[in-house]
Each structure stands twice: as structure tokens, then as C-alpha cells.
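This briefing covers one protein chain, grouped by topic. Please look over the sequence and the model before reading on.

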Amino acid sequence: MASNRIVSTWRTYRSVGIVYRIGIAFVLGSLLGLAVGETATVLQPIGDLFVRLLTMLIVPIVVFTLLMGVRQLTPSTLGKLGGQVVALYAVTSAVAVAVGLAVSNAIQPGSRGLESLLAEAEPQSAEAPSATEVVLNIVPTNPLGAMAEGSVLPTIFFVVVFGLALALVQEETDDPAISSGIETFFDLAEAGAEAMFKVVWGVMEFGVLGVFALMASVFGAAGVDAIVPFALLIVTMLVAAVVHIGVVYLGGFVVGILGQSPFSFLSGAREAMVTALSIRSSSGTLPVTMSDADENLGVAERVYGFTLPLGATINMDGTAMYQGVAAIFAANVVGVNLTLADQFAVVSVAVLASIGTAGVPGSGLIMLTLVLTQLGLPLEIVGVVAGVDPILDRIRTMVNVTGDLAVTTAVAKWNGAVDFTTGVWSDGVRSSLAD
Ligand code: ASP
């Protein structure tokens, strides 16, 4: 009797889409944290477990999907795809900084008596890697080492080179053993990717608990008092994020380029967006982003297998936007006005900083030191906003992964690699394994 009840409760629970369950966990966890305070941080390990499970999937999912994608690419189509995607990633990041600057110029988020905080904060600094270093680091000295360390760019580089070589050898060889060996390689990659996507959804089931725990500990540690002075900054970032997602991604990309409904796109991207909000890491969210592209948005792996890992590493619109917002915030706190020339400088530094920012929690905050240095503003500002960064970072990361998916879907359309008869595009019917 009791066991029947348990089974039927479990079924009812599972019948609710995973993203709604995670959303509810997000809200309930936040409320619990605010209600009980510091004590809620005991839940942190459960949240950490969720993040570890997702992180565990990054390298295998990138290697498998990239390999199976490269099977269908020639060096010239790969070059064309790469050019398109890098150009769009850079343009959308520059627009994001402009949106961040415009919204915060309108709101002036730091103009309310925050000067006292400045006196207490420690100056922060970070070294930007040089351009030569960034380019050299794309090539791994040891491919297995790069994979073992979870370094995405060198892994992409090696897998693309290896995959293209396999495809070329297959074209040229008359040896059936080599040819069937190569087929097996590609088939293994295909099977491995499918298996990894299965695991993603299993991990997302656990994510309901994980997100509850993460949010409870964030708000438990921060508390309302720490957040209130920064409410305007949080609101500014939220408004900028909504404007950028609404105008650029939904208006420009989904309606303008894809000719599709914005609601379908949001429905297809929602697991990735909620995961990014919860774990503050575009790299950690990558397995979910890839599975959304595959199962919901109907994008072919030959495109997303390449563009999404690349996007999680170099495309950070939310992070770029934050540099613009924070620059105005810092100028407000100090009581100076940024000239138009200053603001142009912010755009270029912020785009470069966002490219160089790793898709991990809080890295955008460290990059802020570059923008502040450029503007000659006090580096203590980084210390001032660090307390609320766990909240701002969520908004940034959500914009980051949404941008990756919007650009990926657009580039996929240009290359005939998106199927608008499946997933969320066909009458809003979702093919997600989770539902
Ligand atoms: N947490 C962000 C990300 O992973 C980077 C940042 O701190 O802005 O996308």
C-alpha cells in the first residue's frame, strides 16, 4: 500500500519536466538559505557533487561529439564554419558590452553612498595572459595531458586534427583493415556520445537536489544584508541580460536569422540556461548545452560538436556585458564620469577579457581588474563587488550559454545543419529524454 503510494508519488514527480523541478528547487533553496542563514552552508557538498558530476562529463562529451562531427567535415567546411562562428561570437560580445554600458549609463548603479565600502576593500589584481601565450596554449604539448586537465581548447585542437586525419586516411586507403578500423573509431565516438547524453539526463535528475543545496548555501552565506547595497547593480545586470537576450538572441538570431518562434528557442535552451544559473560555469554546463542543441534544437553534431565547446571557452557575452556594467558602477562609486572614448576602450578590453576568461565560476570578476586598470579606476572595486559576485556570475553565465546556443543555431542554419521539423521547432513538441 505504502509502496504503491511511493511509486505513484515518484511518477507524478517525474512527470513534471526536469527544468521546472530544478527551477522550483532553485527558488526553495534560495528561500531556505535566506531563512536559516549560515547553517544552510552544510548543504554545500551536495551542490558540489552535482557540479563534479557535470564536470566529469565535459571531456568525454567534447571528444566524442567532436570526433563524430568531424567525420562529416572537410577542412574547408570546417574553416568556413570556424570563420562564421568566431566572427559572430566576437560581434555579439561587443554588442553585449555596449548593452551593458547603455543600461548602466541609464540606471547609474553605483551612485548611492557606496564610497565607504571602497575604503575597506583590498585592491585586487590579475595578470592577463599575453596574446602569444593564448595562441600557443591552443596547441597541447601532450593531448592526453590536456584532456586529463580538462583544458577544452587544446582538446578541441587535437581532436579536430585527429578526426580530419582519420577522414583523410579513410579516403585514401585501399587497406580494408585500416578503413574498418577508422569506421570503428567513428562508430565508437557516436555510441560514446549517445551514452554521455544519457548520463547528462541522469545527472540532471540529481541536479534537483544539487541546485537546492547550491542556492541554500549561497544565500545562507551571503544573507540579505550583504545583498541590499548592491540591489541596483544586480537589477542593472538583469535588465542588460534581458535586453541582450530579447533583442540580440531572440529578435536578431531566432526571428531574424532562423525565422522561428523565440518561445521555441527558449524552450529548447532552458535546461542549459537553468543549469548555468545554478552552477555559474559555462564549461560545467557544456554537457547540458550540447544535449539541448542535439535533442531540442535539432542542430547537427558536425556544427555544435565544434561550436559549443569553442563557445564555452571563448564566447562570453554575459561576462563582457558585466565589464561594461561594472565599469560604470565603479565610476559612479568613485564619482567620476566616463567619456565616450573611455567607454569605447571598455568595449575592446572587455571583449578581449571575455575571450580570455575561463568558463568557470567567478573568472569574470578577476577579469574586471583589466578594465579597471585600463580606465584608471581603483582595483578595490573588485573587492567591493566580490560579495555579490555569486549572484551576478549566475546572470553572466546564463547569458554566456544562451549566446553559445543562439550563435550555434544560426551558423547551423547557414550550413544546412539544423532540422526545423524536430525537437522544439515542430509544434513545440520536445524530444528531450528527460520529459
Ligand atoms: N562564470 C562565467 C562562466 O563560466 C565566467 C564569468 O565569471 O563571467 O561563463
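Is R280 buried or exposed? R280 counts as buried because its relative accessibility is 18%, where buried means under 20% relative accessible area, exposed means over 50% and partly exposed lies in between (1.4 Å probe, protein chains only).

The model is predicted: local features need pLDDT of at least 70, side-chain atom pairs count only at pLDDT 80 or more, and totals for chains, interfaces and linings use all residues. Residues are numbered from 1 along each chain as its sequence is written, and side-chain values use heavy atoms, with hydrogens and water left out.

**Overall fold**

- The protein chain contains 18 helices and zero strands; helices (H or I, at least four residues) and strands (E, at least two) are DSSP runs, numbered from the N terminus.
- The radius of gyration of the protein chain is 22 Å, which agrees with the value near 22 Å for a compact globule of 435 residues. The radius is taken over C-alpha atoms, and the globule rule is 2.2 Å times the number of residues to the power 0.38.
- The C-alpha trace of the protein chain spans about 75 × 65 × 40 Å along its principal axes.
- Among contacts in the protein chain with a separation of 6 or more, 84% are between residues 24 or more positions apart; a contact means heavy atoms within 4.5 Å.

**Surface and charge**

- Buried residues make up 53% of the 435 in the protein chain.
- The protein chain carries 16 positive and 32 negative side chains, with the centres of the two sets 11 Å apart. Lys and Arg count as positive and Asp and Glu as negative, while His and the chain ends are not counted; the place of a charge is NZ of Lys, CZ of Arg, CG of Asp or CD of Glu.

**Salt bridges**

- The count is eight salt bridges, each a side-chain nitrogen of Lys or Arg within 4 Å of a carboxyl oxygen of Asp or Glu.
- E205 and R14 form a salt bridge at 3.5 Å, N to O. This pair links distant parts of the chain, with E205 in helix α9 (residues 176-227) and R14 in helix α1 (residues 2-15), 191 residues apart.
- R14 is partly exposed, with a relative accessible area of 34%, whereas E205 counts as buried at 18% relative accessibility.
- E205 also meets R21 in a salt bridge, at 2.8 Å, N to O. Here E205 in helix α9 is linked to R21 in helix α2 (residues 18-36), 184 residues away.
- R21 counts as buried, at 5% relative accessibility.
- D393 and R396 form a salt bridge whose closest N and O atoms are 3.3 Å apart. Both residues lie in helix α18 (residues 389-414), three residues apart, about one turn of the helix, and both D393 and R396 are buried.

**Positive phi in loops**

- Q108, a residue other than glycine, has a positive phi near 50°. Q108 lies in the loop between α4 (75-107) and α5 (115-120) and is partly exposed, with a relative accessible area of 29%.
- R280, also a residue other than glycine, has a positive phi near 55°. The loop that holds R280 runs between α11 (262-279) and α12 (282-296).
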